[in-house]
Amino acid sequence: MTSANGNASQVTNNGDVRKPFKIFIGYDPREDQAYEVCRHSILKRTSIPVEITPIVQSDLRAKGLYWRSRDQFESTEFSFTRFLTPYLANYDGWAMFVDCDFLYLADIKELTELINDKYAVMCVHHDYSPKEKTKMDGAVQTVYPRKNWSSMVLYNCGHPKNKGLTPEVVNNQTGAFLHRFQWLDDNEIGSVPCVWNFLEGHNKVVENDPKTFPKAIHYTRGGPWFEAWKTCEFADLWLKEMEEYMKKKSNVS
């Protein structure tokens, strides 16, 4: 992790771990299994301490932090709650938000080593226009600028601009303002290699080119936990991870 001001947040350049790296995963009851597998895939491979928290809309509503009415184009319960990440991290240090439909294939430490404190956020700068009209379990597939940029974001939570992401702003601002990062200037949005948000059905692996091998697969159209997507690309990897999670869960029980 690069620090512009010399202050350590989670991981310093020499790998000295000071405190757990905060990870917030979007949660939707329809995708409980996806959340558990995503969480398992991170914990299984991490070599640094992490603190994983699901962003559960019903909990946020009960705490008075989320009161936004459901929009007809929201495909998940975390479509907007994701932007509470800096608030939930107490506007301190770096934290990651990620959709639950991810499968991590690499150590999250590698991702934290890309962090640069000069940015307010860092994410994959996708140029993505899906052809499908629906996704997941029949949800409407929408197309908009910077689509999927907000699906995996590293937040510099203490950045002055991110301190403006209050519950009031998240509940009242437009989808365009939030998903297109319009609270930031373009030069405050750092880039992360696409292998950390590898879109199933869109990004492609190039044979003998390790730079194209996914480190985190994003089943953005729908994953094998949905009947319609049981044979999607990389379904076998997700199903194998699910089997490992279920076996570990049964052993603990």
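Axes here are lines fitted to C-alpha atoms, for helices over the stretch in contact, with angles running from 0 to 180 degrees between N-to-C directions. Helices (H or I, at least four residues) and strands (E, at least two) are DSSP runs, numbered from the N terminus.

**Ground rules.** I'm working on a predicted model, so local features need pLDDT of at least 70 and side-chain atom pairs count only at pLDDT 80 or more, while totals for chains, interfaces and linings use all residues. Residues are numbered from 1 along each chain as its sequence is written, and side-chain values use heavy atoms, with hydrogens and water left out.

**Helix pair.** I looked up α1 (residues 32-45) against α7 (residues 235-252): their axes come within 9 Å and cross at roughly 85°. For contact I took heavy atoms within 4.5 Å. On the α1 side I noted Gln33, Ala34, Glu36, Val37, His40, Ser41, Lys44 and Arg45, and on the α7 side Trp238, Glu241, Met242, Glu244, Tyr245 and Lys248. I sorted these residues into five nonpolar, three polar and six charged (nonpolar: Ala, Val, Leu, Ile, Met, Phe, Trp, Tyr, Cys and Pro; charged: Asp, Glu, Lys and Arg; polar: the others, Gly among them).

**Sheet.** Next I traced an open sheet of six strands, ordered β2-β1-β3-β8-β5-β9, with mixed pairing; two strands pair if DSSP finds at least two bridges between them. The edges are β2 (50-55) and β9 (189-191), each pairing on one side only. Neighbouring strands are turned by 25° against each other on average, direction ignored.

**Strand β3.** β1 (residues 21-26) runs parallel to β3 and is joined to it by four bridges. Across that pairing I found Ile25 opposite Val98 and Phe24 bridged to Phe97. With β8 (residues 152-156), β3 pairs antiparallel over five bridges, and Trp94 has Asn156 as its bridge partner there.

**Core.** Last, I checked the largest nonpolar core: of its 71 residues, Phe21, Ile23, Met96 and Tyr104 touch the most other members. Such a core is a set of buried Ala, Val, Leu, Ile, Met, Phe, Trp, Tyr and Cys residues joined through side-chain atoms within 4.5 Å. Leaving out residues up to four places away in sequence, I listed the contacts of Ile23, including Ile42, Val50, Met96, Val98 and Ile108.

Terms used:
Buried means under 20% relative accessible area, exposed over 50%, partly exposed in between (1.4 Å probe, protein chains only).
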